[in-house]
Amino acid sequence: MICLGIESSGEAAGAALADETGVLGEIRLNMARRHSMVLAPMVRDLLSYAGLELKDLGCIAVSVGPGSFTGLRIGISLAASLAYGADLPTVGVSSLETLYEAGHRLADEAEAGKGTVILPIIPIKKNEAYILHLGETRMVQLDKFIHTLPTEPRYLIMGEGWKEYEGLFRGANLKLLKIGESDRRPRPSSVAKLGLEAALRGEAGDAFTLAPNYIRRPEAELNLERKQKPHD
């Protein structure tokens with residue numbers, strides 16, 4: 001089975017193909033806020049380069065969040081449209097799990113897999129973030145959470161915006177695995193691999209089951225709700 005993975009949860013965007021043997025191909029663009037312009041052409045070009053058509057796919061996977069509200073909507077809309085038109089099953093993949101999968105591959109490539117803790121982080125606003133830690137998705141205050149971590153293992157921090165809170169980790173004397181900034185971003189190949197695994201387990205749905213998992217409601221909605229509340 002071949003799975004098409006679409007990633008648009010952050011500043012980077014991309015598409016990838018994977019089957020049971022591994023990743024077949026991947027296209028990424030690490031440029032902010034151009035998802036609506038580049039995502040569909042990426043999918044078209046990737047399929048063309050691979051000599052495939054939509055009918056050759058077994059499923060379509062897409063990152064569903066948490067992440068950029070606009071980016072998630074663009075990626076999910078594209079995945080749903082393609083799946084509906086080709087009558088393909090779909091899989092929504094957690095953005096945090098995508099980062100976790102990519103982190104494990106990077107740690108293995110650096111021969112640091114054993115004893116390295118993969119810590120995916122998706123910032124919300126200053127000092128607040130979503131994390132995946134010990135198999136649990138949580139919203140935390142980073143300065144408080146970091147000081148609960150043991151200093152003995154080495155950590156691989158995955159996610160965009162690393163520079164904004166790098167000092168917090170270094171100030172806590174945690175051992176960090178050094179990788180490039182672009183390598184910390186979500187990878188469409190991870191979306192494709194995780195989507196394929198879920199589909200093979202029988203966990204796929206259809207185009208109408210895809211929905212963003214914001215965890216936290218968009219700030220614009222919260223602000224509107226505050227304005228509409230009657231004043232005492």
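So, let's start with a residue on the outside: asparagine 173 counts as exposed because its relative accessibility is 60%, where exposed means over 50% relative accessible area, buried means under 20%, and partly exposed is in between, with a 1.4 Å probe and protein chains only. Asparagine 173 also has a positive phi of about 60°, although it is not a glycine. You'll find asparagine 173 in the loop between H5 and E10; the helices (H or I, at least four residues) and strands (E, at least two) are DSSP runs, numbered from the N terminus.

Quick housekeeping. This is a predicted model, so to speak of local features we need pLDDT of at least 70, side-chain atom pairs count only at pLDDT 80 or more, and totals for chains, interfaces and linings use all residues. Residues are numbered from 1 along each chain as its sequence is written, and side-chain values use heavy atoms, with hydrogens and water left out.

Okay, the sheet. Which order do the strands take? It's an open sheet of 5 strands, E8-E7-E6-E9-E10, with mixed pairing; two strands pair if DSSP finds at least two bridges between them. Strand E8 (136-141) and E10 stand at the edges with a single partner strand each, so one side of each has no neighbour in the sheet.

Let's walk across. Strand E7 (residues 128-133) pairs with E8 in the antiparallel sense over 6 bridges, and in that pair alanine 129 stands opposite valine 140 in E8. Helix H3 (residues 95-109) packs on the sheet, where it touches E6, E7, E8 and E9, and its direction makes about 145° with that of E6. Contact here means heavy atoms within 4.5 Å, and axes are lines fitted to C-alpha atoms, for helices over the stretch in contact, with angles from 0 to 180 degrees between N-to-C directions.

Next, E9. Is strand E9 (residues 154-158) mostly covered or mostly open? Mostly covered: 4 of its 5 residues are buried. Strand E6 (residues 116-125) runs parallel to E9, and 5 bridges join them; arginine 154 in E9 is the bridge partner of threonine 116. E9 also pairs with strand E10 (residues 175-176), again in the parallel sense, over 2 bridges, with tyrosine 155 opposite leucine 176 in E10.

What do E9, helix H5 (residues 162-171) and E10 make together? A right-handed β-α-β unit: with the strands pointing away from the viewer, the path from the first strand over the helix to the second runs clockwise. H5 lies across E6, E9 and E10, running at about 125° to E6.

The axes of helix H1 (residues 35-50) and H2 come within 10 Å and cross at roughly 35°. H1 passes H2 in a right-handed crossing, meaning the near helix is turned clockwise from the far one by less than a right angle, left-handed being anticlockwise. On the H1 side the contact includes Leu39 and Val43, and on the H2 side Ile74 and Leu78 are among the residues.

The peptide bond from glycine 65 to proline 66 is cis, with omega near 5°, and proline 66 lies in the loop between strand E4 (59-65) and helix H2 (69-86). Aspartate 87, in the loop between H2 and strand E5 (90-94), has phi near 55°, a positive value in a residue other than glycine. Aspartate 87 counts as exposed, because its relative accessibility is 70%.
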